[in-house]
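Hi,

Here is the structure I promised to pass on.

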Amino acid sequence: MMESQRVAYGETLLEIGEDEKIVVLDADLSSSTHTIMFGNKYKERFFNMGIQEQNEVGVAAGLARSGKIVFASSFAVFIVGRAYDIIRQSIAYTNLNVKIVATHAGLTVGEDGATHQMLEDIGIMSGLPNFRVIAPADAPETRKVIKKIAYMDGPFYVRLSREKVPTLLNDYEFELGKGILFKDGHDLTIISTGITLSIAVDAANDLKAKGIDAAVIHMPTLKPIDSELVSKYAKNTGKVITVEEHSIYNGLGSRVAEIIAEHGTAKLKRIGVMDQFGESGPGWALLEKYGISKENIIKKSMEIIR
Amino acid sequence: MNIEEQKEIKLKANEIRTLAIKMIYNAQSGHPGGSLSASDILSVLYFKVLNVDPKNPEWSKRDRFVMSKGHASAAYYASLALKGYFPINDLFTFRKLGSILQGHPTIHVPGVDMTTGSLGQGFSTAIGMAIAGKLDKADYNIYVLIGDGEMDEGIVWEAMINAPHNNLDNLIAILDRNKYQLDGSTENILPLGDIESKIKAFGWEVQSINGHDIEEIYNAIKISQNKNGKPKMIVANTVKGKGVSFMENTHEFHGKAPNKEQYEKAIKELETEREKILKEGST
């Protein structure tokens with residue numbers, strides 16, 4: 001089944017929306033981020049800020065300072081890119097209760113092209129003290145994440161995608177800072193974050209046919225990352241491949257490289273966007289073109305296993 | 001406001017200026033020019049207007065104050081100490097290693113409602129506080145002090161267009177129009193021009209006053225407290241460096257501490273001013 005993370009986000013806001021402490025802000029993209037679902041029902045606690053991400057984030061900080069639980073949304077490229085300094089000074093440094101939930105992260109934005117494809121946000125947001133950074137894999141996990149962080153104090157960044165994605169995690173709980181061992185294996189470990197989990201799982205299944213037993217770990221929390229699980233599987237399998245819809249710099253692959261370097265030894269290959277911008281095209285086709293694909297995972301696996 | 005009250009607030013303003021200069025000299029860093037221009041406004045706010053409780057800084061019904069021009073932290077911290085939020089002596093840890101009094105204001109300091117320093121953000125966060133006040137049907141007001149150099153920032157104009165749309169008549173902004181920014185005169189670097197008309201055109205109710213006249217400041221704030229659905233802007237025409245002759249009307253002391261000789265001259269001038277205020281109305 002294919003489901004949309006952003007619809008799941010909108011539905012969850014609607015579900016928890018009765019709580020009068022919850023206020024939702026958007027910057028003229030509410031029908032794309034689906035915060036409008038909340039907005040239609042709770043008009044008085046929904047603010048369409050117009051196309052102004054900086055003021056959106058500033059207002060979010062002021063609301064949070066006054067005791068509100070604030071969800072602020074837009075596309076990842078705008079809310080992180082345009083409002084970074086306000087996020088840094090007024091939300092991270094103040095440690096205020098603002099949940100930045102960005103949709104349209106990564107290449108799978110698709111036809112809108114590179115101007116709209118945010119590939120650096122995991123790195124940017126992980127660099128901010130007090131921020132926790134989460135990239136759910138599918139719609140059910142998005143629901144669980146939103147419900148959980150609504151009642152965890154302090155700032156969060158949640159990274160969602162535009163495309164519908166295969167539902168895989170119906171039966172898994174989300175726990176902040178914990179990786180999910182989706183499939184165990186002994187020969188190598190594939191670690192994915194966000195919507196690339198289904199690609200990692202497909203690759204692992206094909207590898208099995210080739211006689212290679214790959215473990216698949218989904219890492220929903222990029223910060224604080226589950227370094228214990230990474231270390232354990234790095235040690236047990238000795239070979240790690242990371243997969244993400246993000247720049248090769250400062251994302252999951254970089255974090256895993258740091259853990260492996262600090263805590264043990266394993267061979268590592270990182271799959272992500274190679275220090276370049278994306279382009280227009282269908283979302284899943286873009287992932288293939290830029291090497292975030294089953295084929296590339298299998299190729300890298302064969303290289304690393306040698 | 002009667003003469004005695006005015007005298008009291010003038011004396012407090014003089015104390016704020018004196019403490020700010022001492023703090024900046026002691027730290028050998030800080031921003032004298034914009035601290036001195038804002039001192040009379042801060043004095044009226046803290047000693048006549050704001051409904052706050054220094055013993056309970058986070059009291060939920062308090063008026064909020066956001067020092068959007070956070071670089072004037074010396075005058076701000078001095079006002080808070082004089083109001084009783086923390087001991088006056090703490091002011092001399094300003095900008096030193098391990099001090100709670102960081103170079104720019106943070107919410108970790110008792111009485112500080114918002115962390116500021118990156119310009120324009122305080123103005124925007126004040127809008128958020130005003131929206132929260134409306135949602136909670138609260139009686140308190142949100143006061144925000146912004147600088148005229150700060151008006152260059154785009155986020156100020158984002159916030160400017162937003163506030164009237166949300167009918168934020170619980171928001172009172174005061175513009176410290178001292179006409180200088182770090183590099184020079186505001187009208188040379190990026191002219192604000194007829195700033196009153198510009199702000200009015202955005203849907204704000206605007207007053208223009210002498211930002212060093214205690215009574216004018218107070219009256220303008222009183223007028224601004226009316227609940228007519230509009231946010232209020234008080235353009236307070238001030239003198240950068242007000243009260244220390246060689247710091248007046250120049251950008252030179254925007255972000256520079258005085259040397260020993262300058263410090264002694266500044267303190268002497270402020271003492272003379274204090275004596276002058278004390279003599280007022282006592283003939």
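Chain B has 9 helices and 7 strands, where helices are DSSP runs of H or I with at least four residues and strands are runs of E with at least two, numbered from the N terminus. Keep in mind that this is a predicted model, where local features need pLDDT of at least 70, side-chain atom pairs count only at pLDDT 80 or more, and totals for chains, interfaces and linings use all residues. Residues are numbered from 1 along each chain as its sequence is written, while chains are lettered from A and ligands numbered from 1 in the order in which they are written.

On overall shape, the C-alpha trace of chain B spans about 50 × 50 × 45 Å along its principal axes. Among contacts in chain B with a separation of 6 or more, 77% join residues 24 or more positions apart (a contact has C-beta atoms, placed from the backbone, within 7 Å).

Now a helix pair in chain B. The axes of helix 2 (residues 32-49) and helix 3 (residues 73-83) of chain B come within 9 Å and cross at roughly 30° (axes are lines fitted to C-alpha atoms over the stretch in contact, with angles from 0 to 180 degrees between N-to-C directions). The two helices are therefore roughly parallel, the term for angles under 35 degrees. Residues in this contact include Leu42(B) and Tyr46(B) from helix 2 of chain B, and Tyr76(B) and Lys83(B) from helix 3 of chain B. By class, the contact has 6 nonpolar, 3 polar and 1 charged residues (Ala, Val, Leu, Ile, Met, Phe, Trp, Tyr, Cys and Pro are nonpolar, Asp, Glu, Lys and Arg charged, the others, Gly among them, polar).

Between the chains, the contact takes 22 residues from chain A and 21 residues from chain B. Helix 4 of chain A gives the largest share of the chain A side, 9 residues. That side has 8 nonpolar, 9 polar and 5 charged residues.

Cheers

How values were computed
Two residues are in contact if their C-beta atoms, placed from the backbone, lie within 7 Å. Angles under 35 degrees count as roughly parallel, over 145 as roughly antiparallel, 65 to 115 as roughly perpendicular and the rest as oblique.
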